[in-house]
Amino acid sequence: MNIITWHWMMLTAVCLLLVLSSASAANCPTNGPPSNATWRFTTSFPPGCNGTACSYFLGVRTNEDAQFLDFMMEGKADGWIAVGYTPNPGMPDADVFVCALIGAQVTILDTYDIPNVYSNVVDSSQDLCPFNMSSVNGRIRCVFSRAIKTNDMVEDKDLNQSYYQLNGWTDTPGSSSTLIAYHSRISTPMVSTSKLNPTTAVSAVSAGMA
C-alpha cells in the first residue's frame with residue numbers, strides 16, 4: 001500500500017467552543033458502559049500491549065441499548081487520540097472521533113473529513129455521548145457512546161456498514177493548541193488491513209493494522 005498522508009484541520013480552543021456551543025444535542029443511551037465493562041473489540045499499539053504499556057488503546061462494545069455502541073479510547077498523549085471510519089484506506093470521507101486535551105479539559109469531538117480533501121472539521125451536529133473523560137499522568141481517556149445510525153448521515157457514517165478503521169494519536173508536547181496536526185501514515189496513524197463493520201466486529205478480538 002502506498003504511503004497515505006493525513007492532513008487534519010488545525011483547531012483552536014476558541015473555535016471548538018463556538019462550534020460546540022451551537023451543536024445540536026446528541027441522541028444518547030440512558031446509561032454508558034459500566035466501569036468494569038468488557039471491551040469486545042480492541043485495537044492497541046504496540047500490538048498486544050496491556051494497560052499503561054499501550055501508546056494507544058481502543059475498545060468497542062454494544063451498549064445495553066443495542067441501538068448504540070460504546071467506545072473507550074486511551075493513550076499517552078499531550079494533544080489527542082482518535083479513531084475514524086472511512087470507505088477508503090485514508091482520511092478523505094472519514095468520520096472521525098477525537099479525544100482531545102484542550103488546556104486541562106478532555107473533550108470528545110465528532111468530526112468529519114470532506115471528500116477528496118485531506119482535512120477534517122468539527123461536525124455541527126455533535127452525536128457523541130461522553131460518559132467519562134480524564135487526563136492522568138500524561139494519559140488521556142475518553143469513554144463515550146454513539147448511535148449506530150444517527151440522523152446526520154451526511155457527515156456521520158452508519159456504523160453497521162463496513163469501513164477501513166483509522167487510528168492515530170500525538171504525544172507531541174504543546175499540541176493541544178493545534179489539536180489535530182499534519183502527520184504521515186508512517187508515523188502514528190494506523191489503517192486496518194481490510195474493511196470491518198464496527199457493529200458486528202464486537203464479537204472479534206483485535207484488528208489487523210497496517
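Q: Is the link of Cys28 and Cys129 left-handed or right-handed?
A: This is a predicted model, in which local features need pLDDT of at least 70 and side-chain atom pairs count only at pLDDT 80 or more, while totals for chains, interfaces and linings use all residues. Residues are numbered from 1 along each chain as its sequence is written, and side-chain values use heavy atoms, with hydrogens and water left out. Cys28 and Cys129 form a disulfide with their sulfur atoms 2.2 Å apart, the term standing for a pair of cysteine sulfur atoms within 2.5 Å. The angle about their S-S bond is -95°, and the link is left-handed.

Q: How many residues apart in sequence are the parts that Cys28 and Cys129 tie together?
A: Helices (H or I, at least four residues) and strands (E, at least two) are DSSP runs, numbered from the N terminus. Cys28 lies in the loop between helix 1 (13–22) and strand 2, whereas Cys129 lies in strand 9, so the parts that the pair ties together are apart in sequence by 101 residues.

Q: What is the handedness of the disulfide of Cys49 and Cys54?
A: The sulfur atoms of Cys49 and Cys54 are 2.0 Å apart, and both residues are buried. Because the torsion about their S-S bond is about 115°, this disulfide is right-handed.

Q: Which strand holds Cys142, the partner of Cys99?
A: Cys99 and Cys142 form a disulfide whose sulfur atoms are 2.1 Å apart. This pair links distant parts of the chain, 43 residues apart, with Cys99 in strand 6 (residues 95–102) and Cys142 in strand 10.

Q: Which residue stands opposite Cys142?
A: Strand 10 (residues 139–147) runs antiparallel to strand 4 (residues 68–76), and nine bridges join them; two strands pair if DSSP finds at least two bridges between them. In this arrangement, the residue opposite Cys142 of strand 10 is Met73.

Conventions: Buried means under 20% relative accessible area, exposed over 50%, partly exposed in between (1.4 Å probe, protein chains only).
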